[in-house]
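These are my notebook entries on one structure. I record below what I looked up, item by item.

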Amino acid sequence: MISLEEEKMQNSNNCSVTISDITANPAPLGLLGFGMTTVLLNLHNAGLFTLGSMILAMGLCYGGTAQIIVGIMEWKKNNTFGMTAFLSYGLFWISLVMLLLLPASGLAEGTGGNIAMASYLTMWGIFTAIMFIGTLKMNRALQFVFGSLTILFFLLAIGDLTGIEAITRIAGIEGVICGFSAIYAGLAQVLNEVYGKVIWPIWPV
């Protein structure tokens, strides 16, 4: 025979508690931060305006900081892909701004030529191409975002490596398309959740 205290302990050990995740979906914020900043930077690459404080501020704040916050929120949601993507691209934007600001402020030397910048962009292209493979299990909207982003990184790398301005201009146009696809994917999730039905499809796999 077991005592009443032992029986209570056994019953308590058999109890399980289920905690539901009722926090908001952070992905739209990350997609919009990435998409809007990408559009603005690539309008510059396409030759519409110079690279000034507007793009740098967007890179630090919305493209950078907002995506880092989203990546941490995705970590709490146990979303490894979302955490990796948003933290990586958030830090990409901050690193890109630092590449421009550090030499200008005299705190560090510049990249030392087109080969260095092409190497930087190529590494991000390889990373994005592998992340694209992950989207094959998700939805068509994200597939387009990551697929077009992969092309963008490699086009920009080729433009820097060759010094052919026309390639960078083409990359700028392609980058605007990539950025707007991310904006679409983010807003689609917002509208679909608000209305409780598919307003803008993202075509799940």
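**Entry 1: Overall architecture**

I counted seven helices and zero strands in the protein, where helices (H or I, at least four residues) and strands (E, at least two) are DSSP runs numbered from the N terminus. The order along the sequence reads α-α-α-α-α-α-α.

I note that this is a predicted model, in which local features need pLDDT of at least 70 and side-chain atom pairs count only at pLDDT 80 or more, while totals for chains, interfaces and linings use all residues. Residues are numbered from 1 along each chain as its sequence is written, and side-chain values use heavy atoms, with hydrogens and water left out.

I looked up the accessible surface of the protein and found about 11,800 Å², with 69% of it belonging to carbon and sulfur atoms; such areas come from the Shrake-Rupley method with a 1.4 Å probe, and for residues only the protein chains shown count as cover. Of the 205 residues, 39% are buried. Buried means under 20% relative accessible area, exposed means over 50%, and partly exposed lies in between (1.4 Å probe, protein chains only).

I then examined contacts, meaning heavy atoms within 4.5 Å. Among those between residues at least 6 apart in sequence, 67% join residues at least 24 apart.

I found 13 aromatic pairs. Rings of Phe, Tyr and Trp (its six-membered ring) pair if their centres lie within 6.5 Å; planes under 30 degrees apart count as stacked, over 60 as edge-to-face and the rest as tilted. One aromatic cluster is formed by Phe-34, Phe-81, Tyr-89, Phe-92, Trp-93, Tyr-120, Trp-124, Phe-127, Phe-146 and Phe-153.

I also looked up Thr-135, in helix α5 (residues 114-135). Thr-135 counts as buried because its relative accessibility is 0%. With neighbours within four places in sequence left aside, Thr-135 contacts Phe-81, Leu-142, Gln-143 and Phe-146. Phe-81 and Phe-146 are also members of the aromatic cluster.

**Entry 2: Thr-162**

I located Thr-162 in helix α6 (residues 140-162); Thr-162 is partly exposed, at 43% relative accessible area. I recorded two polar contacts of its side chain, a polar contact being a pair of N or O atoms within 3.5 Å; within protein, one must be able to donate a hydrogen and the other to accept it, and residues adjacent in sequence count only if both atoms are side-chain atoms. A polar atom of the Thr-162 side chain lies 2.8 Å from the backbone oxygen of Ile-158, and one lies 3.3 Å from the backbone nitrogen of Ile-164. Thr-162 and Asn-114 are 48 residues apart in sequence, yet their C-alpha atoms are 8.1 Å apart in space.

**Entry 3: Helix α7**

I found one salt bridge, defined as a side-chain nitrogen of Lys or Arg within 4 Å of a carboxyl oxygen of Asp or Glu. Arg-169 forms a salt bridge with Glu-165, with the closest N and O atoms 2.6 Å apart. Both residues lie in helix α7, four residues apart, about one turn of the helix.

**Entry 4: Positive phi values**

I noted that Asn-78, not a glycine, has a positive phi near 65 degrees. Asn-78 sits in the loop between α3 (53-76) and α4 (80-105) and is exposed, at 69% relative accessible area. Trp-203 likewise is not a glycine and has a positive phi of about 55 degrees. Trp-203 lies in the segment after α7 and is partly exposed, at 46% relative accessibility.
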